Amino acid sequence: MASLTINGRTYEIDAEPDTPLLWAIRENAGLTGTKYGCGVAQCGACTVHVDGQQVRSCSMALSEAIGKQITTIEGLASEGGVHKVQQAWIDHDVPQCGYCQSGMIMAVAALLETVPQPTDEDIDLAITNICRCGTFQQVREAIHAAASA
Amino acid sequence: MGHAPQLNRRSFVLGTAAIGSGLALGIPFGGPTAVYAADGTPEVNAWVVIRPDETVVVRIARSEMGQGTLTGLAQLVAEELECDWSRVTTEYPTPGQSVARKRVWGDFSTGGSRGVRTSHDYVRKGGAAARLMLIQAAANEWAAPVSECATSKGVITHVPSGRTITYGKVAEAAAKLQPPADVKLKDPKDWIIAGKPLKRLDTVEKTNGKMIYGADIKLPGMLNAAIKDCPVFGGTLKSFDDSKILGMKGVKKVVRVGESAVAVVADTWWHAKSALEAMPVVWDDGKNASVSSESIGKWLQEGLDAAQPAFVGNKAGDVKAAFAGAAKTVEAVYAYPYQNHATMEPMNATVLYTAEKCEVWTGTQNGEAVFAAAVEASGLPSDKCEVYKIMPGGGFGRRGMTDYVRQAVAIAKQMPGTPIKLMWSREEDMLHGRYHPITQSKLVGAFDADNNLIGLHMRISGQSILASVRPEGMQNGMDPVTFQGLNASGEAAIGYTVPNLLIDHSMRNPHVPPGFWRGVNVNQNAIYLESFMDELAHSVGQDPLEFRRKLMTKHPKHLAVLNAVAERIGWTTPAPQGVFRGICQHMGFGSYVAAATEISVTGGNKIKIHRIVAATDPGYAVNPWQIDRQIAGSFVYGLSALFYGECTVKGGRIEQENFDTYQSMTMKEMPKVESILMPSGGFWGGVGEPTICVAAPAVLNAYFAATGKRIRSVPLKNHDIIFA
Ligand code: FES
Ligand code: FES
């Protein structure tokens, strides 16, 4: 048993220490907003925040996450609210299939924490998530909108 | 507002009556003839349910997979219904329901950019008929003639008296009326909901983690399965040693799946996958074990010159004679590889099988095909099977297939009463795609002494999709889909008139299974033809735009989109220093498309795309906002394919197993797409796929302009060409 703090709540996780954090979140904690796309840190669909940093959760072991603050898409906004990145996503109608968007939004939220007014170059460097539907144009517009919100 | 997937297996149980029987299940014999929706509300008709709280539920049979069809179709119904758009929500009828009601919702299949263009007529009529019934119900209540009633935003007004009543108040009475025999549809010029840039209905849940995809399904007592199918197509499963893993934590069962696969069932998917990887498995690779990309390439190459048999797709005049009398001929050979759809969400399906019932939850582009697969794989009669469509994390054609559903049913059958979620790993997904077909093409053009193009022969050699996927669609052994974008007429017609023309196909079908891959055969056909048109123009020292225009006088719609991009990119004015332009046009899925790009190249191999201009004439534009998104996304799909997309074959299997070797574009590589939407009316074209095919040639032609080098095979990474 391991104790994980996700979105401010404690979850008792019955999984081996080397279980990828992604699967502990999805299958043990039951929070399915965080997605599996590749399992090898390539796509970013599994992006969560660990102590405020964006992390590809498929490639972090459960044991490394113990004692840290984990935030998933379900906990990005304060209780009952909408985070400014989510709001920009809604205003700009960003998602197509939406499967990559939890990870995309988490990566962008982390970027805006460190770089509140990112340039296009900042965005290019920081946001490397794959979106097979190809929403990048709307993602960029929405990032700038969220930054000035 | 928004679309909530119908997870409730009892959905529509109340509405299972065949529409013609006059009887609804759960309704006392002799009672009203209305058909009831899951929540007990009577449906006005199959397309429209209006709840007492004025919520308008529009039934959508086609699948949403990100392309916006759900919203577009709802707009069309709402337009004719004249309801309040802010109260519209949607739901999927189930395929089992459709079968029970004599396919009242028509075709469920969602591919070929057909979501809107082949169902706009009957869904609009559904909305219009519902409106007439609602008016009739109000008129009956007021004892007033229908002709004195008007509707707007879900409110019916009796014009002379000024009385009003809302749709929700008369919906129940309307449900009992005879549907009108004939309805008149609005002229698109008068649209107020359709044709407008409205937001999608399903966005919010996609931003907060609440949207449920197939991979997220949870059912009581559910177990998870991971699977390995023989990596060599056509090979079989020889043996596996489950003694090594049966003691591992969470592992419940190891099952053989058909002739070629083995699955591990466990409490969690992670346990199932880890155990599967630890289990020794022996394959019989079978007769394809020695096939490689090289051997396939060689075989296709032979088809470029093979005399016979070749199927003729388009023919005019006599190319042989034209070549014989030509002042000059130009020849080039092009090639296009296998590519995986690589949807973000790997294939998955959840199945609950008992002796009495087989139920499937899955993201699919074709609910009816999944239904048929469930019936066949379960061995149960069709009234004992049901399919619940879940939001798919991308489709791109891959989810029109049902192989993963059959596997899930086969596993669930071995564990009756336990819901089984089968999910493929990314690796399994990469190794068991239904790949973009592999082809090569040899093109020969002939000029007369005045540099007029008098002959063109385009020989395609390679794989047919239909021969493998839908053999019943073959025509005397020929696959007509091979000629997409090259036909003499129709929804994928060539935009040039060449007096002596021959486009033919030497069919060669390697063992790697092909599928419909977003854009299908227009993708490579556009690269072949539009690059070669550029070659021809340069070979006679003519401007590529002017050269095309001369051949397009009989193709005004093709020409219009080409002219539009030329004008927007500023073709006749010089490009900025160091920047070079490329241009092309094509037609597919009923729409006319063209693109122009501006790129710069450094070091001969580093491409920066500065501008992309794309024009689309889809006839009618149901939602310009969503069309813009489809077009921008199409360039990401098409340029990812151009720069990176290749699945190579070695030892009979695909070599690329994940995104590290099968890359996709990211933010930094993607320029803005300037989209010109120019619907000219009178026809209905698709928008989810057509522009993919002009992405690559517009860049390749610009690359030639910049470097003088003609690239004739995809992907560019094989030529060491990368994004700057
Ligand atoms: S699933 Fe973690 S990066 Fe793709
Ligand atoms: S929205 Fe579908 S993969 Fe990004």
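Guide: A charge is said to sit over a ring if NZ of Lys or CZ of Arg is within 6 Å of the ring centre and within 35 degrees of the ring normal. Keep in mind, as we apply this, that the structure above is a predicted model.

Visitor: How far is the charged end of Arg629(B) from the centre of the ring of Trp625(B)?

Guide: The charged end of Arg629(B) is placed 4.0 Å from the centre of the Trp625(B) ring, over which it sits. A further case in chain B is Arg710(B), found over the face of Phe704(B) with 4.2 Å to the ring centre.

Visitor: Turning to rings that meet other rings, how many aromatic pairs are there over all chains?

Guide: Rings of Phe, Tyr and Trp pair if their centres lie within 6.5 Å, and by this rule there are 20 aromatic pairs over all chains. Planes under 30 degrees apart count as stacked and those over 60 as edge-to-face, with the rest called tilted; the planes of Trp191(B) and Trp684(B) stand at 55 degrees, with ring centres 6.1 Å apart, so this pair is tilted. The two partners come from distant parts of the chain, 493 residues apart, since Trp191(B) belongs to the loop between α4 (167-175) and β8 (223-229) of chain B, while Trp684(B) belongs to the loop between β27 (673-677) and α16 (692-707) of chain B.

Visitor: Are Trp191(B) and Trp684(B) buried or exposed?

Guide: Residues under 20% relative accessible area are called buried, so Trp191(B), at 7% relative accessibility, counts as buried, and Trp684(B), at 17%, counts as buried too. Trp684(B) also forms a tilted aromatic pair with Tyr620(B), with 4.9 Å from centre to centre and 45 degrees between the planes. Because Tyr620(B) lies in the loop between β24 (606-617) and α15 (624-643) of chain B, and Trp684(B) in the loop between β27 and α16, this pair ties together parts that are 64 residues apart in sequence. Tyr620(B) itself, at 23% relative accessibility, counts as partly exposed.

Visitor: Which residues do ring pairs link into a cluster?

Guide: Ring pairs join Trp23(A) and Tyr36(A) with Trp269(B) and Trp270(B) in a cluster.

Visitor: Into which domains is chain B divided?

Guide: Chain B has domain 1 (9-203), domain 2 (214-286 + 347-423) and domain 3 (293-339 + 435-723). Between domain 1 of chain B and domain 2 of chain B, the C-alpha centres are 36 Å apart, and their contact takes 21 residues from domain 1 and 18 residues from domain 2. These two domains of chain B bury about 1,500 Å² between them, with 56% of that area on carbon and sulfur atoms.

Visitor: What does the domain assignment of chain A give?

Guide: In chain A the assignment gives domain 1 (2-75) and domain 2 (84-148), which bury about 1,200 Å² between them. On the side of domain 1 of chain A, His49(A), Gln54(A) and Ile73(A) lose the most area to domain 2 of chain A, together 39% of what that side buries.

Visitor: What is the mean pLDDT of chain B?

Guide: The mean pLDDT of chain B is 92, and 95% of its residues reach 70 or more, but over residues 1-32 of chain B the pLDDT is below 50. Where pLDDT is low, the predicted coordinates should not be read in detail. For the complex, the predictor gives an ipTM of 0.98 and a pTM of 0.94.

Conventions
Residues numbered from 1 in each chain as written. Chains lettered and ligands numbered in written order. Predicted model: local features only at pLDDT ≥ 70, side-chain atom pairs only at ≥ 80, totals over all residues. Heavy atoms only, no water. Phe/Tyr/Trp six-rings, centres within 6.5 Å; stacked < 30°, edge-to-face > 60°. Helix = DSSP H or I, 4+ residues; strand = E, 2+ residues; numbered from the N terminus. Buried < 20%, exposed > 50% of the residue type's maximum accessible area, 1.4 Å probe, protein only. pLDDT = per-residue confidence, 0-100. Contact = heavy atoms within 4.5 Å. Domains from an automatic or database assignment. Buried area = accessible area lost by both parts, 1.4 Å probe.
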